[in-house]
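Here are some friendly notes to read alongside the model. Take them one point at a time and find each place as you go.

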Amino acid sequence: MSETGPTMRRLSGASNGGSGGGKAAGGGSGAAAGPWEGGGNAARIRGVNVGIMDEKVLELVFRTLNWDPQSLCVVARVSRRLRAVAERVLWRELCVSRAPRMVAALTGGAPASAPAAGRIGGGWPALGKLLLFCCGAAGAAVPGHFAPVSRFSKTSGRSFLSRRCAGDLLFVSDPCEHAVAGAADDVGPYRGVFRGFMRSRTRAWLVGHRAPLEPRVRCPYCGARVWSMTAAGLAPRSASRRLGANEGCLEYFVCVSGHLHGSCWLARLSDSEGAGPDGSDADHASADEDDVGL
């Protein structure tokens, strides 16, 4: 009992901030109170919390979850600190896991294992949403939705660049086909993203010719203002042919961050018309494509 009494008093002193109990145990010297000071205890607790929110720990957790985007959205809403980690690290890793070749191209050729060497216009969360979310078609009352599988291609992107903008790098998805009640044709929303849009020829032309920004349309991925490429005269006919759309039934927008979204009315093609001009378009484009899935 002679040893138990001082020990219990020291524990009691910790709960009271380490003042009174420490003096009773140490005869007023304060030496015994040191290890039980409130500040030291709080530091230990803070260390545990930091470990839980460590970036490497979170990466391991989400890698186990296969970078589930819905879980990532929930975690990012817990606190500002977790949101910062999600925006800087977790969304980036999700993008790499879903489209490694596309991310490497967009970040200036950095390998998929080190994508932080490049930058993404609009941020990693916006790119993650673009990879996984079909924006829908407001004009045809088609709502946005998660797309189970999407294919993005540089070959398709080249079809969306006018001659004056040749040299820009643009990835564009295949259209997501939707039947519309009362319409003979299906509507096909699609989306895409430029590499280094701030230095692109497309942006230089839009800014140099003072193309107006759309007053009522916003980017569905980052919320930024957009240009209408159709109104600016930068929508080539090759885009309609590439998508299999009816002539003159295509419209798309590009935001100031370099995200592209649009929709078209898809022409009904026979099986023989579905192949490329030489019947082997898919084989030539495979190296330029990335399949993205939930």
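1. Let's begin with the second largest pocket, whose lining has 10 nonpolar residues, five polar and one charged. Here Ala, Val, Leu, Ile, Met, Phe, Trp, Tyr, Cys and Pro count as nonpolar, Asp, Glu, Lys and Arg as charged, and the others, Gly among them, as polar. Lying nearest the centre of this pocket are Gly-136, Ala-137, Ala-138, Gly-139 and Ser-263. A pocket is an open set of points on a 1 Å grid over the protein atoms alone, with protein on both sides within 12 Å along at least five of seven lines; lining residues have an atom within 4 Å of a point.

2. A word on the source: this is a predicted model, where local features need pLDDT of at least 70 and side-chain atom pairs count only at pLDDT 80 or more, while totals for chains, interfaces and linings use all residues. Residues are numbered from 1 along each chain as its sequence is written, and side-chain values use heavy atoms, leaving out hydrogens and water.

3. Which strand gives the most to the lining of the second largest pocket? It is E9, with five residues. Strands E8 (245-255) and E9 (259-266) each supply at least two; strands (E, at least two residues) and helices (H or I, at least four) are DSSP runs, numbered from the N terminus.

4. Finally, helix H5 (residues 69-76) and helix H6 (residues 80-98) pack at about 170 degrees, with axes 10 Å apart. Axes are lines fitted to C-alpha atoms, for helices over the stretch in contact, and angles run from 0 to 180 degrees between N-to-C directions. H5 is therefore roughly antiparallel to H6, the word for angles over 145 degrees. Leu-72 of H5 and Leu-90 of H6 are among the residues making the contact, meaning heavy atoms within 4.5 Å.

How values were computed. 1 Å grid on protein atoms, 1.4 Å probe; cavity = no way out; pocket = protein on both sides within 12 Å on 5 of 7 lines; lining within 4 Å. Parallel < 35°, antiparallel > 145°, perpendicular 65-115°, else oblique.
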